[in-house]
Amino acid sequence: MRTKFLTLLMVLIISLMTGCASVDNKDPLEGFNRGVYKFNDVSDKAVFKPIAGAYKAVLPTPVRSGVNNFFANLKTFVTAINQALQFKFNKAAESAGRFVINSTVGIAGLFDIASKQGIPQYKEDFGQTLGYWGVGNGAYLMLPFFGPSTFRDTTGLAVDLITIDPLGYVDNPRVRNTLIGTKFIDTRAALLPGSDLLDEAALDPYTFMRDAYLQRRANQVADGEVVVNYDGFEPDNSKPSK
């Protein structure tokens, strides 16, 4: 617990130091970021994309749907906490209700019963919470394996993973790592069509991904509907909450 607290404190301080600063150049680390992008691209094409393709080909659609629903339900818990931190209490209550229904009637989230009952699905993370409270993006940052981010969103990711995400509280390391690995492959399998389109359509995939990510995050922080959904990112179907 002490280690988690110190890590959380460190990333928050880094975020406040970098995110609040004015950054005229949105990508001052472009040389470094392009190197990480190349590493991710090579790793993905050599390892993760083939595994994701096999995962999609071998597992029946109902099974993959259940796996996707399970992790989406855990994300709903993260969303509810962050909505509460943004004082969006009505939305937080809806997300909490969605989580409870799918976790119980939906058998640990394997079945999305809440959607059938008309309960909306929102997506919020701590990076958006920091943005809501006025913390700026900071510099654009390409993370190994995780992909595009910013200093603020990297902080948000760390906070979510360390303190909010239920997967972080699984005591058994083997089970926890298996769940995290499965989540990664499931997410990658869902992005297969978008990644192919990105490779084929963009003259500079790095620039295309960077600009699309920054636009998407700006829309999410402002509770706007995302209209750029051809970059391989899952569109946010939540309605504006203002």
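Modeller: A contact here means heavy atoms within 4.5 Å. Leaving aside its neighbours within four places in sequence, Leu192 has such contacts with Lys49, Ala52, Gly53 and Lys56. This is a predicted model, in which local features need pLDDT of at least 70 and side-chain atom pairs count only at pLDDT 80 or more, while totals for chains, interfaces and linings use all residues. Residues are numbered from 1 along each chain as its sequence is written, and side-chain values use heavy atoms, with hydrogens and water left out.

Leu192 belongs to helix α9, residues 192-201; helices are DSSP runs of H or I with at least four residues, strands are runs of E with at least two, and both are numbered from the N terminus. The relative accessible area of Leu192 is 11%, so the residue is buried (buried is under 20%, exposed over 50%, partly exposed in between, with a 1.4 Å probe and protein chains only). Lys56, one of its contacts, is 136 residues away along the chain, yet the two C-alpha atoms are separated by 9.5 Å.

Next comes the packing of α2, residues 30-58, with α8, residues 173-190: their axes come within 8 Å and cross at roughly 85 degrees. Axes are lines fitted to C-alpha atoms, for helices over the stretch in contact, with angles from 0 to 180 degrees between N-to-C directions. On the α2 side the contact is made by Asp44, Phe48, Lys49, Ile51, Ala52, Tyr55 and Lys56, and on the α8 side by Phe184, Ile185, Asp186, Arg188 and Ala189. Seven of these residues are nonpolar, none is polar and five are charged (Ala, Val, Leu, Ile, Met, Phe, Trp, Tyr, Cys and Pro count as nonpolar, Asp, Glu, Lys and Arg as charged, and the others, Gly among them, as polar).

As for the whole, the protein has ten helices and two strands, in the order α-α-α-α-α-α-β-β-α-α-α-α. Of its 242 residues, 41% count as buried. Among contacts with a separation of 6 or more, 67% come from residues 24 or more positions apart. The average pLDDT, the predictor's confidence in each residue from 0 to 100, is 85, and 79% of the residues score at least 70. Over residues 225-242 the pLDDT is below 50, and this stretch has 41 contacts in the model beyond near neighbours in sequence.
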